[in-house]
Amino acid sequence: MVSSKVTWFGGMQFVGTDSSKHSVVISSQDEDNGTGMRPLDMLLVALAGCTAMGVVHMLQQKRQDLLDFEINISGEQEDEPPRCFNRIHIEYVAKGRGIKEKALTDAIKLSLEKYCSVSATIEGRAEITTSYQIIEV
C-alpha cells in the first residue's frame, strides 16, 4: 500500500510527505500563500514525472544516446467546479546523438499505456495527447 500525509501550516499552506519522508510544499496561489505548488499543478507534474521515468528507462534499455530530456505538460480545465482537466497535452523533448524516432515513439506509447500508473488513473477522465521533438546535439 502507498501512503502519504498532508500537514497544514496555516493559511492555505500545507506540506505533503510521502512514505519515504520526501516532502513538497502545497499552497493556494494568492498573495498570502504562494510558496508551494497548487494541487492541480502537482497532478500534471506527477503525470509528467511518471511517464518520463518510463521513457528514459526504455530509451536507455534500447541504448539510445540520450543526453538531456524534458517534458512540457499543459492541461485544459472544465469551466465549472470542480474544474477537472478534460484535456492534457504532453510534449517530450529528447536531446542526444542519433536517437531513433521509433525508439522514442514506442517508449512514449508503452509508458503511457502500460507502465505509468498516473496516466492509468487519469485515463477515461481527461484526453491525453502527445507530441515530441528529437534534438540532435
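These legends describe close-up views of a predicted model.

**View 1. The largest nonpolar core.** This core has 26 residues. Those with the most contacts inside it are L47, V55, F69, I88 and Y92. Five elements each supply at least two of its residues: α1, β4, β5, α2 and α3. Helix α1 gives the largest share, eight residues.

**View 2. V55 and its contacts.** V55 is among the core residues with the most contacts inside the core. Neighbours within four places in sequence are left aside here. Beyond them, V55 is in contact with F69, Y92, L104, A107, I108 and S111. Two of these partners, F69 and Y92, are also on the list of residues with the most contacts inside the core.

**View 3. Q64, a buried loop residue.** Q64 sits in the loop between α1 (39-61) and β4. Its relative accessibility is 12%, so Q64 counts as buried; the cut-off for buried is under 20%. The side chain of Q64 reaches the backbone nitrogen of K100, at 2.8 Å. Which residues does Q64 touch, not counting those up to four places away in sequence? They are L59, G98, I99, K100 and A103.

**View 4. D65 and R97, a link between strands.** D65 forms a salt bridge with R97. The closest N and O atoms are 3.0 Å apart. D65 lies in strand β4 and R97 in strand β5, so the pair ties together parts that are 32 residues apart in sequence. Both residues are partly exposed: D65 has a relative accessible area of 31%, and R97 has 46% relative accessibility. Side chains of opposite charge can pair when their charged atoms come close.

**View 5. D106 and K102 within helix α2.** The side chains of D106 and K102 meet in a salt bridge, 2.8 Å from N to O. Both residues lie in helix α2. They are four residues apart, about one turn of the helix. Is K102 buried or exposed? K102 is exposed, because its relative accessible area is 58% and the cut-off for exposed is over 50%. D106 is partly exposed, with a relative accessible area of 25%. Salt bridges that share partners join K62, K102 and D106 into one network.

**View 6. D41 and R38.** A salt bridge joins the side chains of D41 and R38. The N to O distance is 3.0 Å. D41 counts as partly exposed, at 27% relative accessibility. R38 is partly exposed too, with a relative accessible area of 37%. How many salt bridges does the count come to? The count comes to nine.

**View 7. D79, an exposed loop residue.** D79 lies in the loop between β4 (65-77) and β5 (85-97). At 68% relative accessibility, D79 counts as exposed. D79 and E127 are 48 residues apart in sequence. In space, their C-alpha atoms are 16 Å apart.

How values were computed:
Residues numbered from 1 in each chain as written. Predicted model: local features only at pLDDT ≥ 70, side-chain atom pairs only at ≥ 80, totals over all residues. Heavy atoms only, no water. Buried < 20%, exposed > 50% of the residue type's maximum accessible area, 1.4 Å probe, protein only. Polar contact = N/O pair within 3.5 Å; in protein donor to acceptor, adjacent residues only side chain to side chain. Contact = heavy atoms within 4.5 Å. Core = buried A, V, L, I, M, F, W, Y, C linked by side-chain atoms within 4.5 Å. Salt bridge = Lys/Arg side-chain N within 4 Å of Asp/Glu carboxyl O.
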